[in-house]
Structure formats: structure tokens, C-alpha cells
Amino acid sequence: MYDIYLPVVALGPAMVYFLSPHMPASQAAIVSSLIFVSTLLGRPLGALIGGRYADRIGRKKVNIVAVSGYGVMSFAMAAMPGYATWGIAAVVLFIILRLVDGVFVGASYSSASPLAMERLPGTSEEPGALTSCSASPSRSSPSPC
């Protein structure tokens, strides 16, 4: 979740780096919203892609690719120049990198969570018996938890 909470804390004050000082407040609000929302838009797409490949080639492989992918995207975002150097291209590239980061995060969620659930202990008749713990809506529902 660092890709959501960290930008809320750190990217807000650093937004000056990516926005034009001459940009009207309404445009700055729209661009700022796009920067924050772009990761959230990529997650469902990443979950669809990652879930499909996780079922075909294995959850561990997909998770390793996904974690590596959002690590590379995070490094690329940290290393890129700001508005003063590239102008509006820096903002557009930053939004694209955040979107791709969201795709990798979505793929990671759709591969890591089932992988963790499959590894939980269970009996031979009921493998992963404790997987219902995460889906149990309340303590009053029948659950082995």
C-alpha cells in the first residue's frame, strides 16, 4: 500500500516539482488528481492480467515479475526530471509511470494473496483450511478462525 499512502504524504508537497508555477489552480487540481488516480486505474487491469498469468504459469513467477515491475517503476519515477527540465512531458510521463505501476501492483495482489492462502496449513482433505479466515465477515459466522 506504500504506492497509495506514500504519495498522499510525500507527493503532495513535492507536487511543485511536476507542475508549472504558472498553471491555474483548477488545472493544477486536475493534474494532481490524475497523478493520484492513475495508479488506482491500473490496478484492475493488472489484476486481470496478473490473475490470468498466475493461473497459467504460477503465482510465484507472476509475483516476482510484478514486484520487480513496480520496483522499477518506483525507481523510474524517483529518477525522472521535473517540469523545469522536461515541461509538460514530465507530467505526462509521470502519470503513465504511475499507471503502469498500478498495473504491476494489481498483478501482485492477484498473485500474492492467493499464493499466501494456498500456503496456509490444512488437512489433506481440506487443503488451506484457514483460507476462510480472510473471507469471514464476522466472528459470528461459522469459521475455523
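**How helix α2 meets helix α3, and what lies around them**

Mentor: Let's start with two helices of this predicted model: α2, which covers residues 25-57, packs with α3 at an angle of about 135°, and the axes of the two helices are 7 Å apart.

Trainee: Why are α2 and α3 called oblique to each other?

Mentor: Set the angle against the cut-offs: roughly antiparallel needs over 145 degrees, and roughly perpendicular runs from 65 to 115. The angle here is about 135°, so α2 and α3 count as oblique.

Trainee: Which residues make the contact between them?

Mentor: From α2 come Gly50, Tyr53, Ala54, Asp55 and Ile57, and they meet Arg59, Lys61 and Val62 of α3.

Trainee: What makes up this contact by class?

Mentor: The contact of α2 with α3 holds 4 nonpolar, 1 polar and 3 charged residues. Gly counts as polar, so Gly50, which belongs to the contact, goes into the polar class.

Trainee: How do you know that α3 has a span close to the one expected?

Mentor: Helix α3 runs through residues 59-79, 21 residues in total. From its first C-alpha to its last it reaches 30 Å, and 30 Å is what one expects at 1.5 Å a residue.

Trainee: Which residues of α3 are buried?

Mentor: They are Arg59, Val62, Asn63, Ala66, Gly69, Tyr70, Met73 and Met77.

Trainee: Why do we say that the buried residues of α3 line one face of the helix?

Mentor: Looking down the axis of α3, you find its buried residues within an arc of 125°, so they line one face. The face turned away from that buried side has exposed residues: Lys60, Lys61, Val65, Val72, Phe75, Ala78 and Ala79.

Trainee: Why is asparagine 63 called buried?

Mentor: Buried means under 20% relative accessible area. Asparagine 63, in helix α3, has 17%, so it counts as buried. Beyond its neighbours within four places in sequence, asparagine 63 is in contact with Ser108, Ser111 and Ala112.

Trainee: What about proline 114: buried, partly exposed or exposed?

Mentor: Proline 114 has a relative accessible area of 27%, so it is partly exposed. It sits in helix α5, residues 88-118, and it touches Arg59 and Tyr109, not counting residues up to four places away in sequence. Proline 114 and arginine 59 are 55 residues apart in sequence, while their C-alpha atoms are 7.8 Å apart in space.

Note on methods
Residues are numbered from 1 along each chain as its sequence is written. This is a predicted model: local features need pLDDT of at least 70, side-chain atom pairs count only at pLDDT 80 or more; totals for chains, interfaces and linings use all residues. Side-chain values use heavy atoms; hydrogens and water are left out. Helices (H or I, at least four residues) and strands (E, at least two) are DSSP runs, numbered from the N terminus. The expected span of a helix is 1.5 Å times one less than its number of residues. Buried means under 20% relative accessible area, exposed over 50%, partly exposed in between (1.4 Å probe, protein chains only). The arc is that of the directions from the helix axis to the C-beta atoms. Axes are lines fitted to C-alpha atoms, for helices over the stretch in contact, and angles run from 0 to 180 degrees between N-to-C directions. Angles under 35 degrees count as roughly parallel, over 145 as roughly antiparallel, 65 to 115 as roughly perpendicular and the rest as oblique. Contact means heavy atoms within 4.5 Å.
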